[in-house]
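Hi,

Here's the structure I promised to pass on. Have a look at it first, and then read on for what turned up.

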Amino acid sequence: MAQPSTSGIEIKHLKTLSALAEQGSLAGAALTLNLTQSALSHQLKELETRLNLELYLRKSRPLVLTAAGNLLLGLARQVLPALAQSEKQLQALQSGDAGRLHLALDCHSCIQWLLPLMPDFRRQWPGVDLEVESVPGFDAISALLGGQLDLLLTSDVQARGDLHFERLFAYELVLVMAPDHPLCQRRAIAAADLRPEVLLVYPVERTRMDVFSRFLQPACVEPARCKPVDNTSVMLQMAAAGLGVAALPRWACEAFVRQGLLEARPLGEGVRRHMYGAVRAADKDQPCLQSLFGRIRANMAT
């Protein structure tokens, strides 16, 4: 028996197999593909001759694919969606309109490193309608799945097939305080050290704050008082003035520490997290998203 040759498989053949599986008949597939039934039959027969394999069972109602037909159908289901997505992206690049990128930050201090990346990104992708939402007051995951958001920068991963979480970089949470604060004498901060302290916190639920969920609550420690502060800049200035201490990502306080305005110490043996870019699974390979991810990784590399 002659060996089958796959060199003759074309995109039109994959589209034909896909249409046959969806419609269940030659007539239905021909109508979908805008071909005559005779032309479709000829195309299939030609491919079967090239492969030296039958692709469907004759006279089956509804039409039944053979093992070879199902193998090609599996290939079609991988290739055709990717091809359609690439064609859409190429058309967008050609027209100078790469679509919309509405991103949200599930992190107050992320805005510090994100915004400086935007000018170069916009120059590379002038057709992208870019919108940034800082710490959204809505269910960001639902908005992402519903299409209101295109990207969520977050440290919280959810295991689900309809979303893709792209790992971007690792970071450490540290305690920041005024240079004359007694805790500056410690090499690392124990949870119990925060019992007498005023802890400066963002106005969000405790479940969303790592200092509670990953440091204080496991040790059953409660600070003397929690003072909500709306933004990172004010929080850093208050800590530098001795009005409290704050647990922040190291990137958020680096400039103040370099200037000698603040001291930073690790929490216990270290509270380390990863930043992710959450996107719809179907969109994870979009060039503009991957371009932004690359810029973030390069900027935050340690």
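How many aromatic pairs does the count come to? Five, in what is, keep in mind, a predicted model.

Let me start with one of those pairs. Trp113 and Phe169 have ring centres 5.4 Å apart and planes at 85°. Planes over 60 degrees apart count as edge-to-face, so that is what this pair is. If you want to find the two residues, Trp113 is in helix α5 (residues 111-114) and Phe169 is in strand β6 (residues 163-177). They are 56 residues apart, so to speak from distant parts of the chain, and the pair links those parts. Both Trp113 and Phe169 are buried.

With Trp251 it forms an edge-to-face pair, 5.8 Å centre to centre and with 75° between the planes. Because Phe169 belongs to strand β6 and Trp251 to helix α10 (residues 250-258), this pair ties together parts that are 82 residues apart in sequence. As for burial, the relative accessible area is 6% for Phe169 and 12% for Trp251.

Now for the nonpolar cores. The largest has 44 residues, and the members that touch the most others are Trp113, Trp251 and Met275. Helix α11 (residues 287-300) gives the most to this core, with six residues. There is also a second, separate core of 20 residues, with Cys184, Ala191, Val245 and Val271 among them.

What does Trp251 touch, not counting residues up to four places away in sequence? Its contacts include Cys107, Ser109, Cys110 and Gln112. Met275 and Met300 are also touched by Trp251, as are Trp113, Phe169 and Tyr171.

Then have a look at the earlier part of the chain. In helix α2 (residues 26-33), the buried residues are Leu26, Gly28, Ala29 and Ala30. What do the buried residues of α2 pack against? They pack against α1 (11-23), α3 (37-51) and β1 (56-57). Just after α2 comes Asn34, which takes a positive phi of about 60°.

One last thing to look up: Arg58 lies over the face of Tyr56, at 4.1 Å from the ring centre.

Cheers

Note on methods
Residues numbered from 1 in each chain as written. Predicted model: local features only at pLDDT ≥ 70, side-chain atom pairs only at ≥ 80, totals over all residues. Heavy atoms only, no water. Buried < 20%, exposed > 50% of the residue type's maximum accessible area, 1.4 Å probe, protein only. Helix = DSSP H or I, 4+ residues; strand = E, 2+ residues; numbered from the N terminus. Contact = heavy atoms within 4.5 Å. Phe/Tyr/Trp six-rings, centres within 6.5 Å; stacked < 30°, edge-to-face > 60°. Lys NZ or Arg CZ within 6 Å of the ring centre and 35° of its normal. Core = buried A, V, L, I, M, F, W, Y, C linked by side-chain atoms within 4.5 Å.
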